[in-house]
Amino acid sequence: GTFTAGESGSSVCFDVSANANISGGDFSSGSLFITTDGEGTNLTVTGGTFKDPLSFADCGNGCLPARDENGNYTVSTGNVAAIQQSDGSYVGYPNVAAAIAAAENGVTVTLIDKGTLTEACTIASGKAITLDLNGQDIDLTTDAAQFTIPANATLEVVGKGTLRNKTVNYSRGNRIFEVRGASADDGTKAILKVGADVTLECTCGIVVFGVADTPTAAYGVEVEVAGTINNKMYAITTNGQITTTEGNVPVIKVTGKINGPNAVGIYAAGYAKWDLAADIVADDALSIKSGDFTIAGGSYTSSAVYAVPPSANPGGNETTGAAISITTSDGYAQKTSVNITGGTFISENGYALYEGIAKKADGTPAANASAVTIAISGNALFQGGDAVNTDIAITEAANKKVLSGGLFTKPVDLA
């Protein structure tokens with residue numbers, strides 16, 4: 001219909017709290033369209049013609065403010081993502097990939113409707129992009145890395161919403177984020193940040209790599225995870241070919257939540273520096289092949305069956321049932337340290353913390369153990385399962401006197 005201005009000069013005036021949904025109509029008779037007289041008025045516009053500008057917040061899902069050939073204001077529809085321009089206007093895009101490809105350095109891509117990502121996105125070198133989920137979800141259908149962050153690029157994902165991997169093939173190739181460091185320690189960074197309101201539903205959440213020509217190094221990688229990862233394989237993993245232990249090695253900070261029933265929380269194969277205060281519930285909460293770990297808090301619970309000594313699994317996680325499982329070998333970076341000052345570590349079946357070497361089918365060591373240092377202090381709590389009579393077992397590390405603190409539910413003798 002057509003709404004003509006009355007004596008107040010308004011086509012429509014909300015002077016009480018209301019939920020108003022406008023999908024059509026002509027409000028362009030020269031009147032002022034008032035939307036805020038009524039305190040608590042919620043306006044959603046998905047169609048119609050207006051004399052006065054519409055705000056971004058007033059537009060419904062998939063809609064953006066627009067202007068017609070007569071100079072009146074309306075909405076454009078069919079948008080999944082939007083980028084605000086320097087003049088305050090918005091440009092809409094039919095899918096996330098198109099918006100990210102168009103985004104300039106420092107720009108925020110805002111979702112305005114749920115979408116499906118059918119092609120992989122790579123953040124271009126030299127760009128830092130923020131993806132604001134804005135209460136929307138993205139279904140991911142590519143059978144590979146959905147988002148790649150190479151050297152000299154940044155992706156920050158914020159806002160409430162879910163990135164949902166719809167293809168499950170139980171391969172590390174089936175991942176949401178792939179972060180690739182630089183081959184040279186030249187100061188460039190590959191940065192990924194996952195905000196507290198973001199949820200990843202996935203086979204694998206985040207995988208850190210080097211580059212193809214120099215897979216042993218992944219310089220400049222920085223990963224921060226404050227959100228939630230619900231995974232079917234690995235929530236976060238570093239590629240085992242990363243053996244460089246000096247310089248700007250990968251730095252990974254996790255303060256969010258990981259839920260991985262029948263899966264692995266963190267599989268630290270390649271070398272990185274880890275800062276953990278996470279809440280992880282998984283078959284194997286924390287499986288370590290190499291790396292420098294500082295664990296100051298959080299909770300880590302494993303539900304896998306007790307399996308000590310673990311069976312060798314070249315190229316993959318070796319299950320022990322421990323909340324923290326350290327099975328280093330000379331096939332990975334030759335540097336591992338674990339410094340625990342707080343947190344709760346629970347195994348439903350095995351040791352709360354286990355350090356040892358995997359065995360082959362004939363019972364011989366699968367490889368030589370590499371150097372490991374472990375330190376436990378503060379009020380960190382360790383609780384082993386029914387299959388063991390102690391909370392901690394350290395079998396290969398040269399220094400077994402690792403305790404200067406900690407709380408235990410079973411006797412611990414690390415003389």
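Predicted model: local features only at pLDDT ≥ 70, side-chain atom pairs only at ≥ 80, totals over all residues.

Me: In which strand is I22 placed, and is I22 buried or exposed?

Reply: Strands are DSSP runs of E with at least two residues, helices are runs of H or I with at least four, and both are numbered from the N terminus. I22 belongs to strand β1, residues 19–27. For burial, a relative accessible area under 20% is called buried, over 50% exposed, and in between partly exposed (1.4 Å probe, protein chains only). I22 has a relative accessible area of 11% and is therefore buried.

Me: Which residues are in contact with N165, leaving aside its neighbours within four places in sequence?

Reply: Contact means heavy atoms within 4.5 Å. With those neighbours left aside, N165 is in contact with L140, Q146, N174, R175, I176, E201, C202 and T203. N165 lies in strand β14, residues 161–165, and is buried because its relative accessible area is 7%.

Me: How many strands does the open sheet have, and in what order do they come?

Reply: Two strands pair if DSSP finds at least two bridges between them. Here an open sheet of twelve strands, with mixed pairing, has the order β6-β5-β7-β10-β13-β16-β19-β22-β24-β26-β29-β32. Its edge strands, β6 (90–93) and β32 (372–376), each pair on one side only. Angles between axes, which are lines fitted to C-alpha atoms (for helices over the stretch in contact), run from 0 to 180 degrees between N-to-C directions. The twist from one strand to the next averages 10 degrees.

Me: In which sense do β7 and β10 pair, and in which do β3 and β4 run?

Reply: Strand β7 (residues 108–111) pairs with strand β10 (residues 128–132) in the parallel sense, over three bridges. Within that pairing, T108 stands opposite T130 in β10. Strands β3 (residues 64–67) and β4 (residues 73–76) run antiparallel and are joined by four bridges, with P65 opposite V75 in β4. The hairpin of β3 and β4 has five residues between the strands, and G71 in this hairpin takes a positive phi near 85 degrees.

Me: How many aromatic pairs are there, and why is the pair of Y300 and F345 called stacked?

Reply: Rings of Phe, Tyr and Trp (its six-membered ring) pair if their centres lie within 6.5 Å; planes under 30 degrees apart count as stacked, over 60 as edge-to-face and the rest as tilted. The count by this rule is eight aromatic pairs. Y300 and F345 have ring centres 5.0 Å apart and planes at 5 degrees, so the pair is stacked. This pair links distant parts of the chain, with Y300 in strand β27 (residues 299–302) and F345 in strand β30 (residues 344–347), 45 residues apart. Y300 is buried, at 0% relative accessibility, and F345 is buried with a relative accessible area of 0%. Y351 and Y354 also form a stacked aromatic pair, 6.1 Å centre to centre with 15 degrees between the planes. Y300, F345, F382 and F408 form one aromatic cluster.

Me: How many salt bridges are there, and which residue forms one with E178?

Reply: A salt bridge is a side-chain nitrogen of Lys or Arg within 4 Å of a carboxyl oxygen of Asp or Glu. The structure holds seven salt bridges. E178 forms one with R180, and their closest N and O atoms are 2.6 Å apart. E178 counts as buried at 7% relative accessibility, whereas R180 counts as partly exposed at 24%.

Me: Why does the salt bridge of K335 and E246 tie together parts that are apart in sequence?

Reply: The side chains of K335 and E246 meet at 3.8 Å, N to O. K335 lies in the loop between β28 (324–326) and β29 (336–340) and E246 in the loop between β21 (234–238) and β22 (251–254), so the pair ties together parts that are 89 residues apart in sequence.

Key:
Residues numbered from 1 in each chain as written. Heavy atoms only, no water.
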